[in-house]
Amino acid sequence: MLSKPGHKFVRVFAAVIALGCAVWAQTAEVDTVVAPATHTLTITVKGTIGPILSGSDPLGLDGKNGTVKIMASESLNPTKHTTTSATYTLPAGAITVTAGTTKFSTKSPSKMVINLGTTADTFTLIVAGQVEGVSVMVTDATYLKAGSWTTAVLKHPTTFAPSPQKLTSAKTATGPGCKIKYTVFGNTSVLGFSGTASNSATADPVLPNESWE
């Protein structure tokens, strides 16, 4: 049997332990708090390259299948914008281009320019890469239906709708419609492009801010 002082000591000790557990639980809860999920936007453009609109097409891309894949964080801020356009700088590796059996991904930052128009919403990619050790500069212009994006895309990259969309090739090198321009060995060629464009956004993994201290 414990004496009255002994009972008092046990009660005080139990209270201290309980308080310590409560403090530990609160600390653990704070340490593992997570930030809101961010999203990664993926845009895929695929179809057939051609016809040749200007130039000699030294890479022989006319008639080949082509795919352009873009991945961009929806948390990106534009490097430049107006009331109807936004320019985003994408990190190296964000864009992958495949044309026939030729494939390259960006090794340096690229540009994506989005324009909201009355007849079409467009996005233009400006990328630099290498094909079998040869430097290639590519500009890809994709025409979507007018109203595909809301004005929210002028603040951060976001999805367009509907998705997928049918893409129509340009008929001239400087006219409206989808087209690809590339420069290699100092020669510039412009080719049309027809196919589809689709996009999606997926939540990035959320990592807890755990601390062992």
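Mentor: Happy to! Asp57 is buried, with a relative accessible area of 7% (buried means under 20%, exposed over 50%, with a 1.4 Å probe and protein chains only). Its phi is positive, about 55 degrees, although Asp57 is not a glycine. For context, most residues other than glycine have a negative phi, and most peptide bonds are trans. Keep in mind that this is a predicted model, in which local features need pLDDT of at least 70 and side-chain atom pairs pLDDT 80 or more, while totals for chains, interfaces and linings use all residues. Numbering runs from 1 along each chain as its sequence is written, and side-chain values use heavy atoms, without hydrogens or water.

Asp57 sits in the loop between β1 and β2 (strands are DSSP runs of E, at least two residues, numbered from the N terminus). A second residue other than glycine with a positive phi is Phe185, where phi is near 55 degrees. Phe185 belongs to the loop between β11 and β12, and it counts as exposed, at 65% relative accessibility.

Now follow β1 itself, residues 39–54. Within this strand lies Pro51, which is joined to Gly50 by a cis peptide bond with omega of about 5 degrees. Strand β1 pairs with β12 (residues 187–203) in the antiparallel sense over 13 bridges; pairing requires at least two DSSP bridges. Across that pairing, Ile52 of β1 faces Leu191 in β12. β1 also pairs with β2 (residues 65–73), again antiparallel, over 9 bridges. There, Ile43 has Ile70 of β2 as its bridge partner.

Another cis peptide bond links Ala161 to Pro162, with omega of about 0 degrees. Pro162 is found in the loop between β9 and β10 (165–167).

The structure holds 1 cavity of 30 Å³ or more (a set of points on a 1 Å grid where a 1.4 Å probe fits but cannot get out). The volume of the largest cavity is about 170 Å³, taken as the space filled by probe spheres set on the points. The lining has 19 residues, and Leu61, Val97, Ala99, Phe104 and Val138 lie nearest the centre; a lining residue has an atom within 4 Å of a point.

Conventions
Helix = DSSP H or I, 4+ residues; strand = E, 2+ residues; numbered from the N terminus. 1 Å grid on protein atoms, 1.4 Å probe; cavity = no way out; pocket = protein on both sides within 12 Å on 5 of 7 lines; lining within 4 Å.
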